[in-house]
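Biologist: I'm new to this one and would like a close look at a single part of it. Could you walk me through the picture once it's up?

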Amino acid sequence: MNEQQKPIYLDYNATTPLDPEVFAAMEPYFKIHFGNPASANHPWGWAAQKGVEKARTQISTLIAANPLEITFTSGATESNNWVIFSLIEKIRREEGPNAPLHFVTSAIEHSSVMKAMKEAERRGVEVDFIKTNKHGQVEVESVQRCLKPHTRLLSFIWVQNEVGSINPIQELTALAKERQIYLHTDATQAVGKIPVNLETTPVDFLSASAHKFYGPKGAGILYIRSKNPKISLPPYFFGGGQEYGKRSGTLNVPAIVGLGAAAELCKNKLPEERVRTAFLRDYLWAEIKKALPNARLNGHPTERSPINLSITLPGTNIDLFLPKLGELAFSQGSACHTGSMDASPVLQSLGLTDSEAQGTLRLSLGRWTTQEDLNRATAILAKAFN
Ligand SMILES: Cc1ncc(COP(=O)(O)O)c(C=O)c1O
């Protein structure tokens, strides 16, 4: 395959390639340091444990947290489910099985929050799924309006995975603090892409996945605040008592080491990468607008992820054009909905009709995207749709 035919990867919101430096950091943990970090009486165990604790420090540095506030999980799906269901358990244990519970989330959450919240409803929690503004952002006033005396959790996505809009998590956290309500954020599309500083934005819980920031798949974190206030969350998994008793199960050491290495790289690269990708994103949008003047941008025009462009081509069914778009890797709606013919609930919630949702594509860029890639991508789109 010559360079000209190489497909162009514009699906960084779905997953990012593993950075070669991350792979290099992981490799010894497959081959040499294969020990179980719970084996406290020999050097193999010590080496594995050292790798895990280094990773805990690396990720906590990226998000300005304390290492002990980080628990490793299998990814953001697990972290999101853990917060929602263990918080119900905690409150019911502390206040009795009939304690009234009200949770607030938004209509544009990732399915791992959305479906967990629907399950919470089935388990007796009152849940409000509030609508966003037309740009796909949660407005603080709408949250304020639906608070009740028994509201116990606000859970909002930090950066929306389909349309890229950024939520005012700092303001939402301030509101939660004022009312003594827990605040959880699904920061899977934020960590490593925009500054996430838990000293200035003191959320109670935060979920993230390594494969969205150039680390491996199957590794993530749940951040649980340890002071002001100190929060203890019942475990979601029971067993050998790993992760200081918070999450049992033998740790996936190479993946955790990779998560840490990826976090450290992001810490160093983020300031420059954020500007570079945002420039490329805007360049791509300007080029697409020239080639396809009907194209419309979804999400907020400026308060958006530096890597995301969600575009609607009205009157177009993208499915019918897939054979002409073979050289381009992109998503239709959320990657997690691919394979399902349903229009994305997120796009529907933003007011797009089913037909507009079918004409929507998400292009997302990252560390290895070049301007040349974007010129080729625009040419492919122009040829397919004109
Ligand atoms: C915003 C958001 N939350 C959660 C997830 C789930 O992450 P994982 O599949 O790594 O558990 C994703 C993945 O697409 C996501 O984009």
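Biologist: Let's take arginine 247: is it buried or exposed?

Modeller: Keep in mind that this is a predicted model. Arginine 247 is buried, with a relative accessible area of 11%. That side chain has a partner, too: arginine 247 makes a salt bridge with glutamate 78, and their closest N and O atoms sit 2.8 Å apart. The pair ties together distant parts of the chain, since glutamate 78 belongs to helix α3 (residues 76-95) while arginine 247 is in the loop between β8 (220-224) and α7 (253-291), 169 residues apart. Glutamate 78 counts as buried as well, at 9% relative accessibility. As a bit of background, side chains of opposite charge can pair when their charged atoms come close.

By the rule used here, the count comes to 18 salt bridges. One of them joins glutamate 53 to arginine 56, with 2.8 Å between the closest N and O atoms. Those two are three residues apart in helix α2 (residues 43-63), so about one helical turn separates them. Arginine 56 is buried at 1% relative accessibility, whereas glutamate 53 is partly exposed at 24%. Another bridge pairs lysine 290 with glutamate 287, again with the closest N and O atoms 2.8 Å apart. Both lie in helix α7, three residues apart, about one turn of the helix. Lysine 290 counts as exposed, at 62% relative accessibility. Some bridges share partners, and in that way Glu53, Arg56 and Glu243 are joined into one network.

Let's step back to the domains. The domain assignment gives domain 1 (3-18 + 270-385) and domain 2 (20-265). Their centres, taken over C-alpha atoms, are 27 Å apart. Where they meet, 34 residues of domain 1 are in contact with 36 residues of domain 2. About 2800 Å² is buried between the two, and carbon and sulfur atoms give 55% of that. What the interface of domain 1 and domain 2 does have is 17 residue pairs in polar contact. On the side of domain 1 that touches domain 2, α7, β10 (308-312) and α9 (345-349) each supply at least two residues. The largest share of that side, four residues, comes from α9. Sorted by class, the side of domain 1 that touches domain 2 has 14 nonpolar, 15 polar and five charged residues.

How values were computed:
Residues numbered from 1 in each chain as written. Predicted model: local features only at pLDDT ≥ 70, side-chain atom pairs only at ≥ 80, totals over all residues. Heavy atoms only, no water. Salt bridge = Lys/Arg side-chain N within 4 Å of Asp/Glu carboxyl O. Buried < 20%, exposed > 50% of the residue type's maximum accessible area, 1.4 Å probe, protein only. Domains from an automatic or database assignment. Contact = heavy atoms within 4.5 Å. Buried area = accessible area lost by both parts, 1.4 Å probe. Polar contact = N/O pair within 3.5 Å; in protein donor to acceptor, adjacent residues only side chain to side chain. Nonpolar A, V, L, I, M, F, W, Y, C, P; charged D, E, K, R; others polar.
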